[in-house]
Amino acid sequence: MPILPTVSSKPKASSSQRSAPTAGSAAEPNARAGIQSVEVGFVLLDALSQASGALMLRDLAAAAGMSAAKAHRYLVSFQRMGLVIQDPVSTRYDLGPAALRLGLASLSRISAVKLARERMPALLAQTGHVLAIAVWGNQGPTMVHWEEAVQTVPVTLRLGDVMPLLTSATGRCFAAFMGSEGRDAQRVGPMIKAELARFKKLPSSGLPLVDVPQTPQDVQAMLDETRQHGMARVVHSLLPGVGGFCAPVFDAQGRLAMGLVVLGSVVTLDTAWNSAPARALLACAQQLSHDLGHAGGAR
């Protein structure tokens, strides 16, 4: 015989008797009801996603901050759903085929440039200077988005412009973080040599070039400095009086997906490595990398 729900005979409180919602309660406009057990269980999946490989139950439970018995109950359900698999020999747990399908579906729907463009207004408010997005094109680092600012920069750039590798922050970023594999990365070396050769052919003005590498040793020092700071910088090298930074954004495979650029006059743009615009740009790039699935160092 089915069990019917019990109906209380206690009279309901009037609207004047009901207590007001407390701060942080689910009654607040921005709060939404959820299922706590789902949120708790997700901690296990997140721990597996950040691990370098399959984990023993005790290690996975420790990483998730819960007891082994509690973790095991969640893992049994996750195995039934295909989110987790367990090796029958080692008994270690790892992400399953359902988790892979979810990840691939998410990646296929992410447009890196679209995601970056959505962050530009907030970044513009933080930096107050011109912003740009660059990707690697057929000829090299190519500008694909430009965001004007109140404090303009004395540089005329257009969408589709290809930036030099040695005298622009964009080019230096791609030269330093392209990695060592793939067709595009293999093109960087010859392109740098070609730019150095062009510098030697330029007529001498009697004035030394500022912040421009002149030898392969100079180039290597510049690339090392760029990698050390996690982003590229130029001061006076693209044009006199102009400075800028370019921060790398990596995809889930650790490849360079794009560069985020801030440019300005050295009179108004603080070009110190630890300046507020540089920190804001780098933080935005790192968050974008995280949103694209990047979890470690560049390939």
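**View 1. T91 in the loop between β1 and β2 of the predicted model.** The phi angle of T91 is near 65°, which is a positive value in a residue that is not glycine.

**View 2. Packing of helix α1 against helix α3.** Helix α1 covers residues 36-50 and helix α3 covers residues 68-81. Their axes lie 10 Å apart and meet at an angle of about 90°. Angles from 65 to 115 degrees count as roughly perpendicular, and α1 and α3 are therefore roughly perpendicular to each other. On the α1 side the contact is made by S37, V40, G41, F42, L44 and L45; α3 contributes K70, A71, Y74, L75 and F78. By type, the residues of this contact are eight nonpolar, two polar and one charged.

**View 3. The largest nonpolar core.** This core has 32 residues, of which W136, M143, L166, M178, V188 and I192 touch the most other members. Two or more residues each come from the strands β3 (130-136), β5 (232-235), β6 (242-250) and β7 (256-265) and from the helices α6 (169-177), α7 (183-201) and α8 (216-229). Another core, of 26 residues, lies apart from the largest one; among its residues are A116, L123, I133 and V249.

**View 4. Surroundings of M178.** With neighbours within four places in sequence left aside, M178 is in contact with W136, D184, A185, V188 and L256. Both W136 and V188 are, like M178, among the core residues that touch the most other members.

Terms used: Residues are numbered from 1 along each chain as its sequence is written. This is a predicted model: local features need pLDDT of at least 70, side-chain atom pairs count only at pLDDT 80 or more; totals for chains, interfaces and linings use all residues. Side-chain values use heavy atoms; hydrogens and water are left out. A nonpolar core is a set of buried Ala, Val, Leu, Ile, Met, Phe, Trp, Tyr and Cys residues joined through side-chain atoms within 4.5 Å. Buried means under 20% relative accessible area, exposed over 50%, partly exposed in between (1.4 Å probe, protein chains only). Helices (H or I, at least four residues) and strands (E, at least two) are DSSP runs, numbered from the N terminus. Contact means heavy atoms within 4.5 Å. Axes are lines fitted to C-alpha atoms, for helices over the stretch in contact, and angles run from 0 to 180 degrees between N-to-C directions. Angles under 35 degrees count as roughly parallel, over 145 as roughly antiparallel, 65 to 115 as roughly perpendicular and the rest as oblique. Ala, Val, Leu, Ile, Met, Phe, Trp, Tyr, Cys and Pro count as nonpolar, Asp, Glu, Lys and Arg as charged, and the others, Gly among them, as polar.
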